[in-house]
Amino acid sequence: MSERGVAVGFRARTGSAEAVIVGGSASTPEIVDRRTIDLAPGIERFVYHAARELEPERAAAFVRDAERAARGAARRALRGLAKAHDVVAVGVALGKGPRRALPKLESI
């Protein structure tokens, strides 16, 4: 298939995201690529569970470091997808139900 432009769809998971790259046409879409993006490379996937076992200051630093690492991993993955494919559209699937704000770190 000659790639003219693809759409990338993401679904967030705990510590990762699933990416599906779809090309072709609206009448004959084709999955061009599918991959799991590790957003927690070398760190605990369940950040808040691990932070609960730490002193408050260390827990806050641990969560900040995990967020920073996840943002970096996401950037690298997106750049890789953009280099490998002619991305013309992106979408993110959200879960069912109302979105909940994360609790304050002190409350977990």
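Tutor: In this predicted model, a residue counts as buried when its relative accessible area is under 20%, as exposed when that area is over 50%, and as partly exposed in between.

Student: Is Asp33 buried or exposed?

Tutor: The relative accessible area of Asp33 is 16%. The cut-off for buried is under 20%. Asp33 is therefore buried.

Student: Which residue meets the side chain of Asp33 in a salt bridge?

Tutor: The structure holds two salt bridges. In the one that involves Asp33, N and O are 2.3 Å apart.

Student: What is the bridge partner of Ala19 in E3?

Tutor: Strand E2 covers residues 16-24 and runs antiparallel to E3, joined to it by nine bridges. Strand E3 covers 29-38. Within E3, the residue that partners Ala19 is Arg35.

Student: Which strands stand at the edges of the sheet?

Tutor: The open sheet has four strands with mixed pairing, in the order E3-E2-E1-E4. An edge strand has a single partner strand, so one side of it is left without a neighbour in the sheet. The strands in that position are E3 and E4.

Student: What angle does the direction of helix H2 make with that of E3?

Tutor: Neighbouring strands of the sheet are turned by 20° against each other on average, direction ignored. Helix H2, residues 56-84, packs on this sheet and touches E1, E2, E3 and E4. Its direction and that of E3 make an angle of about 155°.

Student: Which element gives the most residues to the largest nonpolar core?

Tutor: That core has eight residues: Val6, Val8, Phe10, Ala19, Ile21, Ile37, Ala77 and Leu81. E1, E2 and H2 each give two or more of them. With three residues, the element that gives the most is E1.

Student: How many residues does the second, separate core have?

Tutor: Among its members are Ala51, Ala59, Val63 and Ala66. Ala59, Val63 and Ala66 are also among the buried residues of H2. The buried residues of H2 pack against E1, E2, E3, E4 and helix H1 (47-51). The number of residues in the second core is five.

Student: About how many helical turns separate Arg68 and Asp65?

Tutor: Arg68 and Asp65 form a salt bridge, with the closest N and O atoms 3.0 Å apart. Asp65 is partly exposed, at 44% relative accessible area. Both residues lie in helix H2, three residues apart, so their separation is about one helical turn.

Conventions. Residues numbered from 1 in each chain as written. Predicted model: local features only at pLDDT ≥ 70, side-chain atom pairs only at ≥ 80, totals over all residues. Heavy atoms only, no water. Pairing = 2+ DSSP bridges. Axes fitted to C-alpha atoms, helices over the stretch in contact; angles between N-to-C directions. Contact = heavy atoms within 4.5 Å. Core = buried A, V, L, I, M, F, W, Y, C linked by side-chain atoms within 4.5 Å. Buried < 20%, exposed > 50% of the residue type's maximum accessible area, 1.4 Å probe, protein only. Salt bridge = Lys/Arg side-chain N within 4 Å of Asp/Glu carboxyl O.
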